[in-house]
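Open the model in your viewer and keep the selection panel at hand. We will go from stop to stop.

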Amino acid sequence: MKSFCKQFSGERLVGSRRMKLRVDLSGEWVAVSGRMYVTDKRLRFYMDIFESELINLRLTDIRGFSTGRTFVIPTVTIQRKDGEEYFLTGFQTRNLRKWLELLGAAKL
């Protein structure tokens with residue numbers, strides 16, 4: 001984890017919170033726990049259990065984001081300019097929404 005955080009050199013950390021990312025594992029959707037890091041240049045999602053990065057997305061590659069709810073839990077869907085989407089869920093996604101707005105990402 002320490003070596004992962006060292007990769008933020010030259011970037012200002014805007015915020016970091018634990019949340020879940022929905023991923024497709026062989027045709028099954030699974031929510032994996034991890035930590036979303038938002039800097040002034042990119043979004044990064046680090047999955048703790050396998051010590052791996054699942055998202056490393058420059059802000060310039062983001063088309064926009066949308067918000068919603070799954071039952072009572074807030075969600076954020078981030079869409080890349082190439083159409084790929086990332087679906088995040090958890091109460092901390094409210095912070096993610098605020099950070100994206102602060103950094104100028106378009107709300108879809």
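Contact means heavy atoms within 4.5 Å. This is a predicted model: local features need pLDDT of at least 70, side-chain atom pairs count only at pLDDT 80 or more, and totals for chains, interfaces and linings use all residues. Residues are numbered from 1 along each chain as its sequence is written, and side-chain values use heavy atoms, with hydrogens and water left out.

**Stop one: N56**

Select N56. This residue sits in strand β4. Helices (H or I, at least four residues) and strands (E, at least two) are DSSP runs, numbered from the N terminus. Which residues does N56 contact, leaving aside neighbours within four places in sequence? They are R42, L43 and R44. N56 is partly exposed because its relative accessible area is 38%. Buried means under 20% relative accessible area, exposed over 50%, and partly exposed in between (1.4 Å probe, protein chains only).

**Stop two: β5 and β6**

Show strands β5 and β6. They run antiparallel, and eight bridges join them. Two strands pair if DSSP finds at least two bridges between them. Pick G68; its bridge partner in β6 is T75. Next, click F71. In this hairpin, with two residues between the strands, F71 takes a positive phi near 60°.

**Stop three: T77**

Stay in β6 (residues 73-80) and select T77. Is T77 buried or exposed? T77 counts as buried because its relative accessibility is 16%. Beyond four places in sequence, T77 contacts G64, F65, S66, E85, Y86 and F87.

**Stop four: the nonpolar core**

A nonpolar core is a set of buried Ala, Val, Leu, Ile, Met, Phe, Trp, Tyr and Cys residues joined through side-chain atoms within 4.5 Å. How many residues does the largest one have? It has 21, and M36, I78 and L96 have the most contacts inside it. β1, β2 (28-39), β3 (42-47), β4, β5 (62-70), β6, β7 and α2 (93-102) each supply at least two residues. β1 gives the most, with four. In soluble globular proteins, nonpolar side chains tend to be buried together.
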